[in-house]
Amino acid sequence: MKKVLIATIKPFAPAAIEQMKALLDKVGYEMQLLEKYEDKQALLDAVKDVDALVVRSDKITKDVLDHAKNLKIVVRAGAGYDNIDLEAATAKDIVVMNTPGQNANAVAELVLGMMVMMARNKYNGKPGTELKEKTLGIHAYGNVGKNVARIAKGFDMNVVAHDPYVSSEIVERDGIKDYENVEDMYADAQYVSLHIPANEQTIKSINYDLLKRMPGNAVLINTARKEIIDEDDLLKIMEERPGFKYISDIAPDKKEEFEKRFADRIFFTPKKMGAQTAEANINAGVAAVTQIINFFENNDLTYKLN
Ligand code: 3PG
């Protein structure tokens with residue numbers, strides 16, 4: 001009997017767990033659940049004899065993989081896989097997959113929700129501004145970026161995008177101006193929403209040089225990863241520009257400094273909340289176990305990352 005461990009510090013909604021279990025029961029696989037674990041040892045003990053692992057942002061480092069003697073597949077129920085040591089997995093012949101797109105709408109709704117909140121001065125009673133007819137630059141036009149564009153159009157925003165990996169035809173087909181040059185997009189957009197992954201090329205890539213191109217009343221929205229921001233550069237631009245605002249789904253490393261100096265112009269979620277909806281949990285969780293079943297039963301390698 002195959003054993004599938006669902007290991008999540010930030011648990012899935014109960015409805016998602018129920019549906020995942022039902023799918024695994026149907027094929028006779030055993031589901032094991034490790035939620036809200038506080039230390040790594042709990043994860044190391046739990047992976048010992050499982051065949052498959054489903055995680056969210058949980059860190060799957062080499063030592064976790066070393067402890068998992070029977071492990072054949074890890075599925076990251078979500079998009080970003082910067083939490084998984086792909087090289088170590090490949091060296092041990094462990095397949096790693098993600099579930100792209102499954103939580104994209106949830107993240108996109110949070111982007112617009114936080115933009116409205118900041119435009120209304122975090123609901124402090126003072127007059128704010130509207131999103132209508134403002135320019136929103138989408139930095140990376142993938143699954144989340146596309147959903148942000150769709151919703152922002154409903155607000156009558158002027159939506160533009162930059163993505164070196166997506167062709168202009170695809171962006172323009174959605175009625176969105178495509179910028180070949182990232183600096184040009186930042187110069188034209190009052191709002192910029194970040195949807196790039198965290199990797200060697202992108203870490204700290206949102207820096208002073210880029211941010212200084214934005215207009216005076218700029219709002220930067222980050223529902224991607226905190227690591228892509230050069231925090232010292234962002235602090236510098238916020239010091240120089242009294243109108244610059246920063247919204248992030250998860251606090252930066254220098255949270256206290258941002259809060260001390262720019263309290264009115266920042267908002268940080270206490271935990272990464274983008275994908276935290278019942279719908280997104282069900283979509284990503286069900287996709288993850290379906291991919292595991294198809295991997296074992298049909299050797300299906302769709303969404304393999306390594
Ligand atoms: C993702 O990469 O899919 C999102 O950042 C969601 O991450 P989470 O599953 O940890 O909420």
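User: What lines the second largest pocket, and which residues lie nearest its centre?

Analyst: There are 24 lining residues, and S57, D58, K59, N83 and K272 lie nearest the centre. Pockets come from a 1 Å grid over the protein atoms alone: a pocket is an open set of points where a 1.4 Å probe fits, with protein on both sides within 12 Å along at least five of seven lines, and lining residues have an atom within 4 Å of a point. Keep in mind that this is a predicted model, where local features need pLDDT of at least 70, side-chain atom pairs count only at pLDDT 80 or more, and totals for chains, interfaces and linings use all residues. Numbering runs from 1 along each chain as its sequence is written, and side-chain values use heavy atoms, with hydrogens and water left out.

User: How much space lies in the second largest pocket, and what classes of residue make up its lining?

Analyst: About 640 Å³, a volume being the space filled by probe spheres set on the grid points, which are joined across faces, edges and corners. The lining has seven nonpolar, three polar and 14 charged residues. Here Asp, Glu, Lys and Arg count as charged; Ala, Val, Leu, Ile, Met, Phe, Trp, Tyr, Cys and Pro as nonpolar; the others, Gly among them, as polar.

User: Why is the second largest pocket said to lie between domain 1 and domain 2?

Analyst: Domain 1 (3-102 + 277-298) and domain 2 (105-268) both give residues to its lining, so the pocket lies between them. The domain bounds come from an automatic or database domain assignment.

User: On to the rings. How many aromatic pairs are there, and why is Y29 with F296 called edge-to-face?

Analyst: Five pairs in the structure. Rings of Phe, Tyr and Trp (its six-membered ring) pair if their centres lie within 6.5 Å; planes under 30 degrees apart are stacked, over 60 edge-to-face, and the rest tilted. Y29 and F296 have ring centres 6.1 Å apart and planes at 75 degrees, so edge-to-face is the label.

User: What does the Y29 and F296 pair tie together?

Analyst: Y29 is in the loop between helix 1 (14-26) and strand 2 (30-35), while F296 is in helix 12 (residues 278-298), so the pair ties together parts 267 residues apart in sequence. Helices (H or I, at least four residues) and strands (E, at least two) are DSSP runs, numbered from the N terminus. Ring pairs also link Y29, F295 and F296 into a cluster.

User: What makes Y246 and F258 a tilted pair?

Analyst: Their rings are 6.2 Å apart centre to centre, with 35 degrees between the planes. Y246 is in strand 11 (residues 245-248) and F258 in helix 11 (residues 255-262), so this pair ties together parts twelve residues apart in sequence. Both residues are buried.

User: What puts K2 over F296 and R56 over F12?

Analyst: A charge sits over a ring if NZ of Lys or CZ of Arg is within 6 Å of the ring centre and within 35 degrees of the ring normal. K2 lies over the face of F296 at 5.0 Å from the ring centre, and the charged end of R56 is 5.4 Å from the centre of F12's ring.

User: Why point out the phi of D93 and N121?

Analyst: Most residues other than glycine have a negative phi. D93 has a positive value, near 60 degrees, and N121 a positive one of about 50 degrees. D93 is in the loop between helix 4 (86-91) and strand 5 (95-98), and at 68% relative accessibility it counts as exposed. N121, at 24%, is partly exposed.

Definitions and conventions
Buried means under 20% relative accessible area, exposed over 50%, partly exposed in between (1.4 Å probe, protein chains only).
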